[in-house]
Amino acid sequence: MTGIKGLCVLLTEPTRAAASGLPDYVTERTTKFGEPIPLDLLGITLDTSEFRPYS
């Protein structure tokens, strides 16, 4: 059994839908919960310090 990981995945710059019908993304940024995530396109930083994994 694998432990629960508290990760944030930020997907940006959607492109045309893939064969599955879901959009594909140019950029994928993965960080741990608690680490700030810069949102360059918006000029802000997302605070993830309050994020908690499901238990």
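Mentor: Start with Asp40: at 61% relative accessible area, it is exposed. Exposed means over 50%, buried under 20%, and partly exposed in between, with a 1.4 Å probe and protein chains only.
Trainee: What kind of model is it?
Mentor: It is a predicted model: local features need pLDDT of at least 70, side-chain atom pairs 80 or more, and totals for chains, interfaces and linings use all residues. Residues are numbered from 1 along each chain, and side-chain values use heavy atoms, without hydrogens and water.
Trainee: Which side chain meets Asp40 in a salt bridge?
Mentor: Arg29, at 3.8 Å, N to O. The rule asks for a side-chain nitrogen of Lys or Arg within 4 Å of a carboxyl oxygen of Asp or Glu.
Trainee: Is Arg29 buried or partly exposed?
Mentor: Partly exposed, at 31% relative accessibility.
Trainee: And how many salt bridges in total?
Mentor: One.
Trainee: New topic. What lines the largest pocket?
Mentor: Arg29 and Asp40 again, with others including Leu10, Thr27 and Pro38. A pocket is an open set of 1 Å grid points where a 1.4 Å probe fits, with protein on both sides within 12 Å along at least five of seven lines; lining residues have an atom within 4 Å of a point.
Trainee: Which element gives the most?
Mentor: β1, with three residues.

Notes: Helices (H or I, at least four residues) and strands (E, at least two) are DSSP runs, numbered from the N terminus.
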